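Colleague: Could you help me learn to read this structure? I am new to this.

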Amino acid sequence: MSEEKLKEALKNWQDKLAHFEYELSYTASAEKKFELRKQIEECDTEIQRLKTRISAVLLEQEQKKQQLNSPNIPQIVKIELKSEKGVDYSQLRDLLAAGKWQEADEETARVMCLAAGREEEGWLRTEDIDNFPCEDLRTINQLWLHYSNGKFGFSVQKEIYQSLGGTREYNEEVWKKFCDRVGWRVKGEWLYYEDLTFDLEAAPVGHLPLQKALASCYESWEVRCFWWDIRGLSVPLLSRRDL
């Protein structure tokens, strides 16, 4: 029952109580007085019950108001940040927990290069993917999986890729279908990085992470060069058995 209806019911019972108390003050009949006292007691009980319910409704409304006015501070769930190379994944965790998907994607590229010993170069080679530390790959993937509720992550991309017939051997048709499915290509056109969807609700499943660390020319924003690099190294990454 709404606050308005509860208050209306309370007023009705209070009116009844006032009426019975008025009658009690004027009646001379003992039998009538006994009946009126029972009715007054019933009114008191119902009035108290309604007041309690109204207080509960008001408290709930106040709590909701406070939640709306409070800053949305994401709760950081503890995930063991394992690394064979001593890489600190706390920044990636915090960005993902805050829903800062683009910043998290950039950070993913950075820590992958760091774990592979390619921080100075800023991009990875096929041999770096093949030898990428298992523990670090799992940590990165688990963080993306956890904070996206299973929508983003390398293992999600791998499942899509393999469902389309993808293997370790590059196949152009499979690769294009995969990119269409995860939203990296739209209506046959490759997207620029800034045109990707960094929004959990709006993005297709598997849209992130982009695997920017696989591209040697992403800073030039040359879209063809960028996706050429991505396709050559995504295949071995999405064929890893430890995802």
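Colleague: Which residues form one aromatic cluster?

Modeller: Y161, W175, F178 and W184 do. Before we go on, this is a predicted model, in which local features need pLDDT of at least 70 and side-chain atom pairs count only at pLDDT 80 or more, while totals for chains, interfaces and linings use all residues. Residues are numbered from 1 along each chain as its sequence is written, and side-chain values use heavy atoms, leaving out hydrogens and water.

Colleague: How many aromatic pairs does the structure hold?

Modeller: Rings of Phe, Tyr and Trp (its six-membered ring) pair if their centres lie within 6.5 Å; planes under 30 degrees apart are stacked, over 60 edge-to-face, and the rest tilted. The structure holds nine such pairs. One of them, F178 with W184, is edge-to-face, at 5.5 Å centre to centre and 90 degrees between the planes.

Colleague: Are F178 and W184 buried or exposed?

Modeller: Buried means under 20% relative accessible area, exposed over 50%, and partly exposed in between (1.4 Å probe, protein chains only). Both F178 and W184 are buried.

Colleague: Why does R241 count as exposed?

Modeller: Because its relative accessibility is 83%.

Colleague: Which ring does the charged end of K16 sit over?

Modeller: A charge sits over a ring if NZ of Lys or CZ of Arg is within 6 Å of the ring centre and within 35 degrees of the ring normal. For K16 the ring is that of W13, 4.4 Å from its centre. R118 likewise lies over the face of W123, 4.8 Å from the ring centre.
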